[in-house]
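Trainee: Hi! Could we look at a structure together?
Mentor: Happy to. Here it comes.
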Amino acid sequence: MYRTVQLSLLARIRDVLAQKYGLSFTNLAVEQPPSISLGELALPVAFELAKRLRKAPKVIATELAAELSATLPEGIGSIEVAGAGYLNVRLERAAIAQDIAGDRHADIGGKGFRLVEHTSINPNKAAHIGHLRNAILGDTFQRLLRSDKYKSGYEVGVQNYIDNTGVQVADVVVGLTHLEAFDLAQTRQLLADLEEKGERIDFYCWNLYARVSQWYTADADQVGMRKQLRLETLHAIEHGGNETAEIADVIATAVLQRHLETMARLSIEYDFLPRESEILHLHFWDAARQLMTEKGVLYLETEGKNKGCWVMRRAQVNGTEANQPSSDGPDEDAKVIVRSNGTVTYVGKDIAYHLWKFGLLPSKDFGYRKFWQYPTHTCWISTDGESDPDHPIFGRADAIYNVIDSRQNDPQTQVVQALRGMGFTEEADRYTHFSYEMVALTPRCALELGYAVSEEDQRRPFIEVSGRKGFGVKADDLLDRLIGAARAEVDARHPELPDAERDTIARQIGVGALRYFMLRYTRNTVIAFDFKDALSFEGETGPYVQYAIVRAANIFRKANTTAEASLEEFANLKLNGLLDGEEGSVVWETWLLASKLTLTIEQCIATSEPAYLARYAFQLAQQFNNFYHRHHILNETDPAKRGLYLATAAVAQREMVRALGYLGIEAPERM
RNA sequence: GCGCCUGUAGCUCAGCUGGAUAGAGCAACUGGCUUCGAACCAGUAGGUCGGGAGUUCGAAUCUCUCCGGGCGCACCA
């Protein structure tokens with residue numbers, strides 16, 4: 001509702017500015033005064049105008065206030081001049097409260113298909129906390145975009161790209177075939193044995209991957225041979241149609257299934273899993289290469305260090321004519337796309353894949369088959385075999401978001417530059433590298449886990465996790481610890497509840513703590529992971545918000561009513577100034593904050609920053625807790641006050657539940 | 001060497017397109033449970049926003065410069 005008021009106020013201001021001064025602004029600032037006693041909205045527009053009109057801000061503000069006050073937009077009580085020239089706006093609190101109670105709010109959404117790619121873990125080891133940050137960011141953002149009961153939203157597809165033919169998978173295959181001397185049948189047996197023992201293949205691979213990585217360089221005489229073996233294994237996997245490739249497929253698929261299970265514990269689901277094997281076998285690159293050559297961004301280098309390679313010119317950062325061939329000598333800064341041996345680089349394959357995402361390779365598409373069934377929808381996977389005719393369409397995105405960590409800034413930029421160079425400027429503009437910083441471990445955390453930490457590393461603020469060293473915290477282990485800690489707390493507080501219910505509550509709290517922890521930091525902050533912080537259920541955490549919701553629920557239960565009924569009664573309530581003055585302001589501030597969900601979601605989408613919503617949920621819970629302690633609802637004897645307070649709890653609860661919902665966090669019944 | 005990110009309270013972080021007195025959480029201290037459940041609330045203390053210069057009516061926010069940290073810069077993926 002706050003956004004609705006903002007928009008109508010801005011429209012009115014624009015009219016006045018155009019009529020009175022003949023001025024038009026594209027961006028007009030609206031803010032909130034430092035104290036609610038000054039009003040609900042503030043416009044610093046008079047400062048902006050002072051220079052252009054050669055008048056003092058206060059004079060302009062006075063003129064504008066007079067003009068605006070003649071016909072005030074609906075819901076606005078008064079506009080006055082304050083400070084050095086602010087226009088402060090006071091709302092008609094009772095009227096706006098009725099709008100909020102009636103759940104009137106601005107809509108969010110638009111046309112076009114938006115493709116969100118996240119998770120994309122190499123299917124050769126267990127997911128760790130860094131992958132969790134990626135998946136939680138991507139999943140939350142996807143929820144903000146998607147259409148639902150609250151907003152029109154956008155049409156959204158969620159992809160999880162699977163690099164099933166890369167070196168990381170090859171490493172694990174080398175481990176199986178050479179360290180363990182397994183063939184395909186024995187690999188299958190391994191999976192069956194692990195299953196029998198209730199052990200996880202991704203955990204097994206976590207250790208094997210670390211072992212192989214050490215093994216390559218363990219013996220100085222053997223390094224060359226072992227590296228050669230690794231390369232041959234990679235090529236066999238890429239090529240396909242041999243036993244090595246089949247072992248890779250068996251392992252990668254089993255690990256992928258484990259990843260989907262892990263993410264499902266966190267309510268993270270996918271629509272489509274495009275795999276690199278299909279990008280190779282269906283020859284996406286050939287079509288991309290033809291297009292790039294036609295558009296003139298790809299050319300054969302004939303001299304210099306890149307002689308014999310097909311290269312792409314790098315655009316100058318601020319150069320106006322980036323793609324003009326220089327007259328003297330080869331462009332040594334050009335990016336190699338096709339090696340002199342004819343194979344394609346990573347960036348080349350990525351360009352092809354992104355051309356497909358935007359529907360720019362009309363002759364190419366994946367085959368699709370069903371892979372995984374969620375309660376409400378199917379997750380599809382790519383295939384080079386027969387395609388299921390019922391498959392949805394993914395490769396026609398109007399806008400894309402790639403949740404990829406900031407270490408891949410350069411290659412991501414190169415893909416965008418390739419699109420731009422080919423003249424696909426609209427696509428390039430709608431390509432968002434949803435970049436985020438890594439999750440590292442504090443030295444203390446590393447020591448606690450039993451890793452050897454060098455003197456030098458102990459002095460650093462954080463240590464990067466490393467799959468090759470097997471150094472990190474596995475996603476499932478962390479989640480198990482969180483749920484275990486929550487379970488102990490629930491057991492102590494609710495011994496009367498049945499086991500299954502306590503399990504559910506503990507899971508909701510554990511997941512809430514984890515998702516909130518990953519979302520509370522803005523994207524380009526490195527998270528230095530520590531169990532002490534992550535396992536906290538107090539202060540700025542998910543459980544804090546959940547607890548506030550439970551409190552509200554307890555009130556309705558004890559009052560023998562519901563939130564919905566309280567809001568219906570509120571519609572006929574005479575407030576008589578109960579929201580005004582010193583006493584009413586705490587209550588009113590709760591309403592005002594509760595009305596800002598749409599505004600917050602808009603900000604999150606515009607800036608690709610889910611952390612704002614996490615912060616909002618916390619602030620609202622904090623505001624509600626403050627209200628809760630000041631006004632004892634059940635003891636309130638004045639019927640008007642009681643009605644107002646019940647409605648306040650209802651509105652706060654409704655918006656907290658919604659905000660948590662977008663964060664992928666459930667609200668328990670009790671906790 | 002080049003590029004991107006970053007430096008705000010003892011610690012961990014917010015601070016929206018420059019706007020009124022720089023805010024949270026944790027830690028510390030003081031108070032509040034015969035309770036709408038304290039996974040909470042109220043209060044105290046704690047900051048020359050890395051240093052300097054500039055633009056502006058106004059700068060934590062924009063520009064320049066210096067200092068300190070992080071991450072990238074392969075015919076790897």
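**A hairpin, a core and an RNA strand**

Mentor: Keep in mind that this is a predicted model. To begin, β2 and β3 make a hairpin with three residues between them, and G83 in the turn has a positive phi of about 55 degrees.

Trainee: In which sense do β2 and β3 pair, and over how many bridges?

Mentor: Antiparallel, over six bridges, with β2 covering residues 76-82.

Trainee: Which residue in β3 does V81 stand opposite?

Mentor: V81 faces L87. You'll meet L87 again in the largest nonpolar core, where L87 is among the residues with the most contacts inside that core.

Trainee: How many residues does that core have?

Mentor: It has 188 residues. Helix α26, residues 639-662, gives the largest share, twelve residues.

Trainee: L620 is on the list of residues with the most contacts in the core too. What does L620 touch, leaving aside its neighbours within four places in sequence?

Mentor: L620 is in contact with L593, A594, A652, E655, M656 and A659.

Trainee: New topic! How many residues surround RNA strand B, and which are the closest?

Mentor: There are 74, and the closest are A42, F47, Y346, T522 and G539. Our β3 supplies at least two residues of that surface, and so do several helices, including α2 and α25.

Trainee: How does that surface divide into nonpolar, polar and charged?

Mentor: It has 32 nonpolar, 25 polar and 17 charged residues.

Conventions
Residues numbered from 1 in each chain as written. Chains lettered and ligands numbered in written order. Predicted model: local features only at pLDDT ≥ 70, side-chain atom pairs only at ≥ 80, totals over all residues. Core = buried A, V, L, I, M, F, W, Y, C linked by C-beta atoms within 7 Å. Buried ≥ 20, exposed ≤ 12 C-beta atoms within 10 Å, placed from the backbone. Helix = DSSP H or I, 4+ residues; strand = E, 2+ residues; numbered from the N terminus. Contact = placed C-beta atoms within 7 Å. Near = placed C-beta within 6 Å. Nonpolar A, V, L, I, M, F, W, Y, C, P; charged D, E, K, R; others polar. Pairing = 2+ DSSP bridges.
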